[in-house]
Amino acid sequence: INLEGYAMQHLEELNILLDAASKVAGSDGKLAVKLGKHRQTISNWRHGHKPCSPEDQAILASIAGLDAIETLARATVRQYEGTAKCDLLMRAFGKVLLATGPAVGSAGASAQ
């Protein structure tokens with residue numbers, strides 16, 4: 001795995017999700033308030049300075065009108081990429097992930 005490329009793809013997908021949620025909320029600042037976070041937290045997520053937890057990604061998806069369960073499943077699997085736990089999670093979430101197709105970033109792009 002090209003870790004730098006992987007990280008960039010994840011960041012792009014996260015930013016698509018953030019853009020969709022921010023659009024619904026009205027701005028990144030309003031999104032931060034809605035999430036109970038500081039505005040700087042949104043900026044840190046956008047620039048890859050801090051990770052956005054699977055739980056927060058699910059909440060972002062919900063705000064954006066996307067499938068929060070799919071987002072939570074994908075983000076949780078991604079969190080354990082390259083480990084035995086990832087394989088177990090893939091089996092546990094397999095039907096959800098297969099049924100929903102491409103990664104969450106693509107869903108966010110088509111929703112906009």
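**Notebook: a salt-bridge network in a helical model**

For the term itself I used a side-chain nitrogen of Lys or Arg within 4 Å of a carboxyl oxygen of Asp or Glu.

Before going on, I noted that this is a predicted model, in which local features need pLDDT of at least 70 and side-chain atom pairs count only at pLDDT 80 or more, while totals for chains, interfaces and linings use all residues. I also noted that residues are numbered from 1 along each chain as its sequence is written, and that side-chain values use heavy atoms, with hydrogens and water left out.

**Entry: the overall layout**

I looked up the secondary structure and found 7 helices and 0 strands in the protein, so that, by the definition I used, helices are DSSP runs of H or I with at least four residues, strands are runs of E with at least two, and both are numbered from the N terminus. Read from the N terminus on, the elements run α-α-α-α-α-α-α.

I then asked how much of the chain is covered, and found that buried residues make up 39% of the 112 residues. Here buried means under 20% relative accessible area, exposed means over 50%, and partly exposed lies in between, with a 1.4 Å probe and protein chains only. The accessible surface of the protein comes to about 6,600 Å², and 57% of this surface belongs to carbon and sulfur atoms; the areas come from the Shrake-Rupley method with a 1.4 Å probe, and for residues only the protein chains shown count as cover.

For contacts, meaning heavy atoms within 4.5 Å, I took those between residues at least 6 apart in sequence, and 54% of them join residues at least 24 apart.

**Entry: the other salt bridges**

How many salt bridges does a search of the whole structure find? The search finds 6. One that I followed is between the side chains of Asp19 and Arg46, at 2.8 Å from N to O. Because Asp19 lies in helix H1 (residues 3-25) and Arg46 in helix H3 (residues 39-46), this pair ties together parts that are 27 residues apart in sequence. I checked the cover of both partners: Asp19 is partly exposed at 38% relative accessibility, whereas Arg46 is buried, with a relative accessible area of 16%.

Another salt bridge joins Asp28 and Arg39, whose closest N and O atoms are 3.7 Å apart. Asp28 belongs to helix H2 (residues 28-35) and Arg39 to helix H3, 11 residues apart, so that I again read a link between distant parts of the chain. Asp28 is buried at a relative accessible area of 12%, while Arg39 is partly exposed at 42%. Putting these pairs together, I recorded that Asp19, Asp28, Arg39 and Arg46 are linked in a network of salt bridges.

I next looked at Ser22, which has its place in helix H1 and counts as buried at 9% relative accessibility. Which residue does the side chain of Ser22 join in a polar contact? The partner is the side chain of Asp28, at 2.8 Å. A polar contact is a pair of N or O atoms within 3.5 Å; within protein, one must be able to donate a hydrogen and the other to accept it, and residues adjacent in sequence count only if both atoms are side-chain atoms.

Leaving out residues up to four places away in sequence, I found that Ser22 touches Ser27, Asp28, Leu31 and Arg46, and that Asp28 touches Ser22, Arg39, Ile42 and Arg46.

**Entry: helix H4**

I turned to helix H4 (residues 54-64), which is largely enclosed by the rest of the structure because 8 of its 11 residues are buried. The buried ones are Pro54, Asp56, Gln57, Ala58, Leu60, Ala61, Ile63 and Ala64. Gly65 follows H4, and I noted its positive phi, near 85 degrees.

**Entry: cysteines**

Finally I looked for disulfides, taken as pairs of cysteine sulfur atoms within 2.5 Å, and the structure holds 0. Cys52 counts as buried at 6% relative accessibility, and Cys86 counts as buried at 6%.
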